[in-house]
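Here is a short briefing on one protein chain. Please look at the structure first, then work through the points below.

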Amino acid sequence: MADGTAGNKKSSLSEAERDLEHQSFIEFQKANYHACLQTLQKLLKTQENNPKVLHNRAVVEFYNSDLRRYDQFRTAMMQHTGLVGEIRTVDVKDRESCAAYVNQAIVLYHFKQPLGALKIMLAVMAHFERLDDYLLRRAGIFTVHLLLDTNQPKKANRLLGMLQNRLGIQVYAILSDSDEDEPLIDNESRKDISELQFEEFRKEFRLILIRSNLLNGKKNMSIPLEDTSEYSILKGHQYFLGNDYQMAAKELSKQFTNEPVNVSKHGEDQNTILANNMGVIHFSVKHYALAARFFQQALLFDKSATEDSSTEKVEGSPLYCVGATKRPEILYNHGLALLHLQRPKDAFECLLIVLNSYHNNPRLWLRLAECCIMVHRQEKQTQSKNISLGAVGSGVLRKYVLNPALKTPTVDGDQSLAIPATTLEFGALCLRNAVTLLEFHEPELVRQTENCDRTVSWDKVYEGVPCNPSLPMKLASFNKLKCAVLAAYSYVLNTLGEYNQALKYAKQMLTVKDLPESYLLLSHMYAAEALIMMNRPLEAMTYLEPKFIADLTGDDFGMRASAHWNINSADAAQSVMHYNRAVVMFLMGDYEQAKIAMNTCNHPLVVPHLKMLKVYQELLLGNYDKVQLLIRYDTPHLI
């Protein structure tokens, strides 16, 4: 918490008032809040309208309540800053009021509003050169912390460099365990803090510096050999970034020498973080079942750690306990692991909760849609793939019942499509939201990319578009996400019978620069399917040209596709495209070319569909005896 009693101008105060102000500051430093409050009350008798004194009284009252009356404190800070409701723009007019802005940002951070807090802190950092060292140490480290939490490590690294220069911090000594090294900060810049406060700042700065360096890709940096949970987690992260997952897991499994970090004292739970990180390690080596178990364990640890920090008590929990839960981030990880385990309904339930915190994340909307698509495909796989569904009668009166075509999914008329459910209709809604967010972010991303080589201030460094809790979107990842969203959307719309829209998004996918071959294949398939269903076979043929089919190499099919995607080779892709081409030929009446296309379909993936197409072919040609033979050969158990 930032206290505004140090280093401000006192020209409007008399000598006696300055003594009272200095006395209150000393009492605050000694954590004697009751005495400090009494001193400030004396000062207020002559300075009742002084905003700095009123601010300091609010801070001391908050500390005197053991940081529990945060609603009252938050209201007081809003009165000082004028920032009420959603924070869009922040303008800190003078450095005298910076402490109030910092305190309001701290409250927002603990209320799980890091982006709002960051907007305030960036406005405070605009006064970087004019802030006194006492406030700068706290405000600077807090801003770096916010930048790292919102996945902006480059800005954080730049700001750390500025803090090192301004405070005289010696970087070469920051990671040293020896007390014989030169001091971390020169004596002149630390004269306003005690030895205890200096040691706390040294530890905090060391941890934040290591974390920033790791997130900026400095994998080989030296980390102090301390068997504490903080340094072991950082060391594990270092191994993880170097793809040494075994050593990362070993580091997190150590016996730590420090007192366990818990919510009641530190605002975080050590066991929750360790279990989540172990889950991430196993997820990275594709051990999804183990990853899901660790994420489940992390959720249990988080629930146990935060269930006693309920805000429903008379005075609530301390402020640092309010936003201690990591549940949304762990559920996001758990949902992805379950999706890889082919458990879409469970994954959907997890990701739906995350949506309350990260509804501006297009990746999250795509994952929800993928849950809906996976449920649809699993239901589809349970249906019979035989030509005949059964037989009626016996002897010469025996009749075969052909397997009906798949019906377009429908929703009960009384059910709103906006109600979350694992249906394709809700999946389409999710994908529409994802497309909207991508269209909104694309101009900003293009602008950032064009300016990324220019020299800009530290807070304008190119970081990509925020996509919390996942990594920011840069141009390459943005295009990859755009392809995935458009492909999924075109598939869902085709399945729902919205062929015009499906064709629109399939064509839009073709406009993406450097489109991978796997998505190129899907865009041609979905565009051709939409045109066929709209009875436009001639146009569909332009997407099924023999040259395009022959040129398919399948180089990225195995790399990009999941283990459960069927088209994982060039042979499979060509067979599917030849089958689609045969269907179009039949619709156009070119039976000879259709037979040639069918004869090139030799992959097991298309065999169930090919059997039905052969039945259709013989029916068209009037070869009913061959139709009977095909049915008997396919379903001998019905004979």
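This is a predicted model: local features need pLDDT of at least 70, side-chain atom pairs count only at pLDDT 80 or more; totals for chains, interfaces and linings use all residues.

Residues are numbered from 1 along each chain as its sequence is written, and side-chain values use heavy atoms, with hydrogens and water left out.

**The whole chain**

- The chain holds 30 helices and two strands. Helices (H or I, at least four residues) and strands (E, at least two) are DSSP runs, numbered from the N terminus.
- Of the 639 residues in the chain, 49% are buried. Buried means under 20% relative accessible area, exposed means over 50%, and partly exposed lies in between (1.4 Å probe, protein chains only).
- Take the contacts in the chain with a separation of 6 or more: 63% of them are between residues 24 or more positions apart. Contact means heavy atoms within 4.5 Å.

**A pair of helices: α14 and α15**

- Two packed helices are described by the angle between their axes and the distance between the axes.
- Helix α14 covers residues 270-284, and helix α15 covers residues 288-306. Their axes come within 8 Å and cross at roughly 165°. Axes are lines fitted to C-alpha atoms, for helices over the stretch in contact, and angles run from 0 to 180 degrees between N-to-C directions.
- The two helices are therefore roughly antiparallel to each other. Angles over 145 degrees count as roughly antiparallel, under 35 as roughly parallel, 65 to 115 as roughly perpendicular and the rest as oblique.
- The crossing of α14 past α15 is left-handed. That term applies if the near helix is turned anticlockwise from the far one by less than a right angle; clockwise is right-handed.
- Which residues make the contact? On α14 they include Ala 275, Met 278, Gly 279 and Phe 283. On α15 they include Leu 290, Phe 294, Ala 298 and Asp 302.
- By class, this contact has eleven nonpolar, six polar and one charged residues. Ala, Val, Leu, Ile, Met, Phe, Trp, Tyr, Cys and Pro count as nonpolar, Asp, Glu, Lys and Arg as charged, and the others, Gly among them, as polar.

**Salt bridges**

- Side chains of opposite charge can pair when their charged atoms come close.
- A salt bridge is a side-chain nitrogen of Lys or Arg within 4 Å of a carboxyl oxygen of Asp or Glu. By this rule the count is 16.
- Arg 211 forms a salt bridge with Asp 149, and the closest N and O atoms are 2.8 Å apart. The pair links distant parts of the chain, 62 residues apart: Arg 211 is in helix α10 (residues 195-215) and Asp 149 in helix α7 (residues 133-149). Arg 211 is partly exposed at 23%, and Asp 149 is partly exposed at 32%.
- Arg 206 forms a salt bridge with Glu 226, with the closest N and O atoms 3.3 Å apart. These two are 20 residues apart, with Arg 206 in helix α10 and Glu 226 in the loop between α10 and α11 (229-241).
- Is Arg 206 buried or exposed? At 6% relative accessibility, Arg 206 counts as buried. Glu 226 is partly exposed, at 27%.
- Glu 251 forms a salt bridge with Lys 254, at 2.8 Å between the closest N and O atoms. Glu 251 is buried at 8%, whereas Lys 254 is partly exposed at 33%.
- Asp 227, Glu 251 and Lys 254 are linked in a network of salt bridges.

- Glu 230 is in helix α11. Its relative accessibility is 24%, so Glu 230 counts as partly exposed.
- Leaving aside neighbours within four places in sequence, Glu 230 is in contact with Lys 203, Leu 207 and Asn 258.
- Asn 468 and Pro 469 are joined by a cis peptide bond, with omega about 5°. Pro 469 is in the loop between α20 (424-451) and α21 (475-495).
- Ala 31 is not a glycine, yet has a positive phi of about 65°. Ala 31 lies in the loop between α1 (15-29) and α2 (33-44), and is partly exposed at 43%.
- Asp 66 is not a glycine either, and has a positive phi of about 60°. Asp 66 is in the loop between α3 (51-64) and α4 (70-81), and counts as exposed at 51%.
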